[in-house]
Amino acid sequence: MRQADQVKIIGKAIGRNLHWDEEPFEEARDRLAQEFGDLELAEYIMESWQEFIDKPEPVTSSVRMLTGRDPRSFESWVLDHAHEFR
């Protein structure tokens, strides 16, 4: 699930029309480089994160393996935590 879709689900849960705006690559890279003090690390992180814009991280079986039960959906989690987004 893309981050933009997640934001829409959160908005629906709290009764607000929310949207996702991507920070320009160069601005985010420069901000991270300043925070970490390492431009190469910032570029590596940004290149990794950039892939998640259109291709979300893969779903794994970790929750099932660790807890013995199926994971909850993002929508279910948001509904349980909607008060934290208000």
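Reply: Read along the sequence, the pattern is α-α-α-α-α. The protein has five helices and zero strands. Helices are DSSP runs of H or I with at least four residues, strands are runs of E with at least two, and both are numbered from the N terminus. This is a predicted model, where local features need pLDDT of at least 70, side-chain atom pairs count only at pLDDT 80 or more, and totals for chains, interfaces and linings use all residues. Residues are numbered from 1 along each chain as its sequence is written, and side-chain values use heavy atoms, with hydrogens and water left out.

Me: Why are α1 and α5 called oblique to each other?

Reply: Helix α1 covers residues 3-14 and helix α5 residues 74-85; they pack at about 55 degrees, with their axes 9 Å apart. Axes are lines fitted to C-alpha atoms, for helices over the stretch in contact, and angles run from 0 to 180 degrees between N-to-C directions. Under 35 degrees counts as roughly parallel, over 145 as roughly antiparallel, 65 to 115 as roughly perpendicular, and the rest as oblique. The α1 and α5 pair is therefore oblique.

Me: What makes up the contact of α1 with α5?

Reply: Q6, I9, I10, A13 and I14 in α1 meet F74, E75, V78, L79, A82 and F85 in α5. Contact means heavy atoms within 4.5 Å. These residues divide into nine nonpolar, one polar and one charged. Ala, Val, Leu, Ile, Met, Phe, Trp, Tyr, Cys and Pro count as nonpolar; Asp, Glu, Lys and Arg as charged; the others, Gly among them, as polar.

Me: How do you know whether V78 is buried or exposed?

Reply: V78 has a relative accessible area of 0%. Buried means under 20%, exposed over 50%, partly exposed in between (1.4 Å probe, protein chains only). V78 is therefore buried. V78 is found in helix α5. Leaving aside neighbours within four places in sequence, V78 is in contact with I9, I10 and A13.

Me: Why does R29 count as buried?

Reply: R29 has a relative accessible area of 18%, so R29 is buried. R29 lies in helix α2, residues 25-36. Beyond its neighbours within four places in sequence, R29 is in contact with L39, A42, E43 and M46. Across the protein, buried residues make up 19% of the 86 residues.

Me: How does the radius of gyration of the protein compare with that of a compact globule?

Reply: The protein has 16 Å, but a compact globule of 86 residues would have a value near 12 Å. The radius is taken over C-alpha atoms, and the globule rule is 2.2 Å times the number of residues to the power 0.38.
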